[in-house]
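Take a walk through the structure shown here, one chain at a time. Keep the sequence at hand to find each residue along the way.

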Amino acid sequence: MARSTAGAREDSGVRTSTEDSDPPVEAPPPAIRSRPVSWAGLWFVLPFAVLFAVFLLWPTITGFAYTFTDRSLTGAPAGYIGWSNWTESLTDPAVWSSLWNTLVFTGLSTPPLVLAGLGLALLTARARRLGWFLRFSFFAPFVLPVAVVTMIWVWLYQPGFGLVNDTLTGLGLTEVGWLADERVAMISVVVTTLWWTVGFNYLLYLAALQGIPREIYEAADVDGASGGRKLWSITLPLLRRTTVLVLVLQLVASLKIFDQVYLMTRGGPNFATRPLIQYIYESGFTGFRIGYASAISYLLFAVIIVFSVVQFRLFSREEV
Amino acid sequence: MRHHETPQPPTVSRRALLAITLAVAGSGATACGSVDDVGERVALDQWNLFGGGDGARMIEMHQRYAAEHPGVDLRATTYAWGPPFYTKLAMGAAGGRGAAVATVHVSRLKGLAPGRLLDAIDARALSSAGLAASDMERTVWDKCFVDGELYAVPMDTHVLVNYYNREICAAAGVLDAEGHLRETHGVDEYVALLKEVKAVTGTFGTSLDTNAGWRPFWALYRQQDGELLFGDGDFQLDESKALAAFDVMRRLADEGLAPRDSNGAATSANFVNGLGGVVQVGNWEIPVYQKAGLDFGVAQFPDFFGNHRTQGDSHAYVLPHRRDRHQARLDESLAYIAWMLRNGITWAGGGHIPAYLPVAESAQYLTMLPQSEYRDAAANVQFDPDIWFSGSGARMQDDANAVFQGLYAGTQTPETALAGFTDILRTLLRIPDPT
């Protein structure tokens, strides 16, 4: 958001400057037409275009082709098997239960990640003396690798001597099997994810807050608006575009959940936290069935597309 | 911000810079190849799945190996036991860039696509490295062949054994004159023994691992000569024998002789803390109990149905598939395997029964207690069924464990467990064999 706000302002800046120099506007077109076509731009785009084609486009196409084969990681001879991977994936209870886990994680993690990001940004936007420290503290976990984050939290959640359970028993409460209990394991992963990634949403909101012109608040002050009123009628509406962006990014990120779960619970206990990507991984790399795993991947792809389209529809309509 | 002098831009033309960049990028691949053999030293990557006591023993052996072989650059990597290790192994081999040597469970051999993910081992090359077939424990050695080709070299046999706490068992009066656990025959005699033990501990007779029900099930089923055969997308299971095995498992928990819910860690803790006076778990727990300073003995898996057959498996070395296997590295790999087997006495300390007979029959091993107390179990080992989804840490075991857990927890009867187990087998059989 920060970047796009800045970009928009630069854009408008450029536009005003051309508007200012109105007279020569008529002249340039013939000059451009007469100049030979420059291929320089293509060369700049080429490296990325090649990487994009080789590592994203081509795998996407071949992956789709694999869904119709019984291709195996072992290199065993494979052949066309029609739609059977697709029918199998749609009737495989493990696909549905792990898709459900992915959706539960998304549902549980997205609201707190967006709200906490906003809340932290509002709290620290005006902090002066400690501002740098608070910004650093909230964003720092985000730069940690997932292996470090999960290791820290697995220790915190340890039964018996882990910080969380130790505190609970110290307060005279009973221990909770944070990662061992089917009912709370997913929540434990959500809490870890919140601590780890909220910094990114926080940063987007913080940048957007700093982009709101002070004059608007000054005008509101002159009109005698209360703090709550300013938050509700100025800050939040002006953060709308950031909220949409944060929400889209967060939903997609949450739907792609895998790393934390795999490292913290391996999908357990009793598959209670196994997300769809883990099942794809297990089918394809542990179970060697690349064709079948590809078919499930495309199911997830479809789910993410549906989510994105619905979201786009919802927000773009209101935008108009 | 520190203030440095502005560095002078190097006087290289853009074109030259581009050429250098491309050259460096291109040489990346060749550079990787040359790092493998540092000077005259042969690089030897070894991948294994041993943590805990086994891992410490393997590291100890590797340190000695490295000291004795300055010409070999041994690089051992340990991956998490079970699926993470096997996934890594398969992916490395699928790309033809597996490690030079890796360890596996023999029960997983069929599922690792021998011939594709694993390279066959030339028996003649192996014997010139010093390992002859006649030096190998017959039962496990035979398991290392697939379609007549040798794919693995066994390190050990590891089995479910019967640990007993000497102090508790003495108090319960279930030790014989020599201080060994009293020999029992049949389910009832063993249950009676557990009751005597429970009278002393007050909690359990045996502190079983209820999350790992597959192993005792397979031992109990095989003690009755039960067969589990696969073919033509179908299976053959002796239902009455399976029910009898399930009933033993149910009975131990129902009569309060075993815990209703206990994972591996809790099982060890229960035994060490004297909540159970005996326990049937794998021989690999020996170092754990020794470290805890426990006075214990180890007997073969109890005779429930007329013999001491027990579930077990074998760790073995394999050669993951490589597109380019240099002769020097192959020779070094086989020499490494031979060295590790010859020095297997260290490995045997971890409770595993050596597969290499010169070690298994050595005076050093025979006097090693309690390790050599159950050495006859190597002949009683019952390997898991021979099909791609079977074996240690593979799907059939995992799924069966989840069902069998209910027999102890009291949520499954032998009949529902049988239905659950046959469901698992049917589901797994429907999956096309990917190997």
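Start at Pro259(B), in the loop between helix 9 and helix 10 (264-272) of chain B. Helices (H or I, at least four residues) and strands (E, at least two) are DSSP runs, numbered from the N terminus. This is a predicted model: local features need pLDDT of at least 70, side-chain atom pairs count only at pLDDT 80 or more, and totals for chains, interfaces and linings use all residues. Residues are numbered from 1 along each chain as its sequence is written, while chains are lettered from A and ligands numbered from 1 in the order in which they are written.

Is Pro259(B) buried or exposed? Pro259(B) is buried, because 23 other C-beta atoms lie within 10 Å. The cut-offs are these: a residue is buried if 20 or more other C-beta atoms lie within 10 Å of its own, exposed if 12 or fewer, and partly exposed in between, with C-beta atoms placed from the backbone. Leaving aside residues up to four places away in sequence, Pro259(B) touches Phe204(B), Ser207(B), Leu208(B), Thr210(B) and Asn270(B). Two residues are in contact if their C-beta atoms, placed from the backbone, lie within 7 Å. Asp209(B) is 50 residues from Pro259(B) along the chain, yet their C-alpha atoms are separated by 8.2 Å.

Now step back to chain B as a whole. It has 18 helices and 16 strands. Its C-alpha atoms fill a box of roughly 90 × 60 × 50 Å, taken along the principal axes. Of its 435 residues, 45% are buried. Take the contacts in chain B with a separation of 6 or more: 78% of them join residues 24 or more positions apart.

Two other loops of chain B deserve a stop. Ala113(B) sits between strand 3 (101-105) and strand 4 (118-119). Its phi is positive, about 50°, although Ala113(B) is not a glycine. Ala113(B) counts as buried because it has 24 C-beta neighbours inside 10 Å. Further along, Pro370(B) lies in the loop between helix 15 (363-366) and helix 16 (377-380). The peptide bond from Leu369(B) to Pro370(B) is cis, with omega near 5°.

Next comes helix 17 of chain B. How far apart should the ends of its 15 residues, 395-409, be? At 1.5 Å a residue, helix 17 should span 21 Å, and its end C-alpha atoms are 21 Å apart, so the two agree. The expected span is 1.5 Å times one less than the number of residues. Helix 17 of chain B also has a kink of about 25°, centred on Ala402(B). That bend is the angle between axes fitted to the seven residues ending there and the seven starting there.

Arg395(B), Met396(B), Gln397(B), Ala400(B), Val403(B), Phe404(B), Gln405(B), Leu407(B) and Tyr408(B) are buried. An α-helix has 3.6 residues a turn, so residues three or four places apart point the same way. The buried residues of helix 17 of chain B pack against helix 8 (214-223), helix 9 (239-254) and helix 18 (414-430) of chain B. After helix 17 of chain B comes Gly410(B), with a positive phi near 90°.

Turn to chain A. Here there are 15 helices and zero strands. Buried residues are 28% of the 320 residues in chain A. Among contacts in chain A between residues at least 6 apart in sequence, 70% join residues at least 24 apart.

One loop of chain A, between helix 13 (259-264) and helix 14 (276-286), holds Gly268(A). Arg266(A) is also found in the loop between helix 13 and helix 14 of chain A. Phi of Arg266(A) is near 55°, a positive value in a residue other than glycine. Arg266(A) is partly exposed because it has 17 other C-beta atoms within 10 Å. Gly268(A) counts as partly exposed because it has 15 C-beta neighbours inside 10 Å. The C-alpha atoms of Gly268(A) and Ala180(A) are separated by 7.8 Å, although the two are 88 residues apart along the chain.
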